[in-house]
Amino acid sequence: MPQTRVALIGLGLMGSGMARRLLGAGFPLTVYNRNRERASPLAAEGAHVAASPREAAARADVVLSMVADDAASRAVWLGEHGALAGAARGGVLVESSTLTVGWIEELAREAAARGCELLDAPVTGSRSHAAAGELCFLVGGSAAALETARPALTAMSRAIVHVGATGRGALLKLINNFMAGVQAASLAEALALIEKAGLDRTKALEVLTTGAPGSPLVKTLSGRMTARDYTPNFLMRLMAKDLTYALAEGRRYGLSLSTVASALVEPLRDAAPRAPTGA
């Protein structure tokens with residue numbers, strides 16, 4: 001059987017690692033990025049670099065997008081040069097960005113009108129997980145479409161979890177990220193109190209990370225915080241975006257999500273996304 005042709009749109013912190021996993025697994029890969037320079041190393045590794053999302057989709061059976069937000073997703077899928085304009089009937093489209101459920105539902109309708117199926121398949125994990133093929137895909141959409149996309153997703157992941165119908169993956173990802181954001185904010189405040197009060201930081205963090213508060217995220221971030229390691233694995237403005245989207249989803253169900261609102265402090269608001277990035 002011929003190998004599934006894959007297109008990947010968006011080569012930011014996550015997309016570049018995902019692309020290399022696909023190339024390493026032998027998939028014929030076409031990539032597109034708004035900043036073409038980011039695609040150059042992948043071209044040297046065997047990927048075809050498309051001039052537009054439309055061209056990328058026209059060369060693929062499975063089309064994936066990994067961009068920053070709703071605005072960036074709209075920009076790569078819709079319009080004369082968008083991926084939907086190039087996608088073949090019967091193709092499977094995979095939106096792996098962290099987006100609002102409302103936009104995912106709209107995009108699914110647009111895909112259906114083109115004779116395609118959409119999977120919302122956002123991922124858990126950071127840049128290092130993308131590079132190592134250790135992402136977890138949270139998939140909403142039909143089981144049949146997932147089976148078509150599964151070989152490509154498997155090349156990039158440690159797990160693929162089918163969580164239900166269209167939009168369910170997007171919603172669970174927002175819940176995942178708001179919990180991560182709240183934990184990160186609480187850890188930062190705890191560390192500030194430890195240091196201001198003059199507690200032995202090493203002993204205090206050992207108690208926290210080996211006790212009930214010691215989630216995998218807390219363990220990882222405590223080490224990076226104390227080492228003053230500011231290497232970006234996930235951008236602050238994207239966390240601000242995710243918290244904002246989660247608050248909106250909560251309001252749809254009559255929930256205030258007060259811990260999310262507390263974590264979305266003014267510095268995060270100042271970092272909220274502006275122009276689309278990653279594509």
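## Secondary structure and model

The protein chain holds 14 helices and nine strands; helices (H or I, at least four residues) and strands (E, at least two) are DSSP runs, numbered from the N terminus. This is a predicted model, in which local features need pLDDT of at least 70, side-chain atom pairs count only at pLDDT 80 or more, and totals for chains, interfaces and linings use all residues. Residues are numbered from 1 along each chain as its sequence is written, and side-chain values use heavy atoms, with hydrogens and water left out.

## Overall shape and packing

The radius of gyration of the protein chain is 19 Å, which agrees with the value near 19 Å for a compact globule of 279 residues. This radius is taken over C-alpha atoms, and the globule rule is 2.2 Å times the number of residues to the power 0.38. The C-alpha trace spans about 60 × 45 × 30 Å along its principal axes.

Of the 279 residues, 48% are buried (under 20% relative accessible area; exposed is over 50%, partly exposed in between, with a 1.4 Å probe and protein chains only). Contacts (heavy atoms within 4.5 Å) between residues at least 6 apart in sequence join residues at least 24 apart in 64% of cases.

## Two loop residues with positive phi

Most residues other than glycine have a negative phi. Arg228 has a positive phi near 55°; this residue lies in the loop between helix H11 (216–226) and helix H12 (236–252). Arg228 counts as partly exposed because its relative accessibility is 41%.

Leu257, also not a glycine, has a positive phi of about 45°. Leu257 sits in the loop between H12 and helix H13 (258–263).
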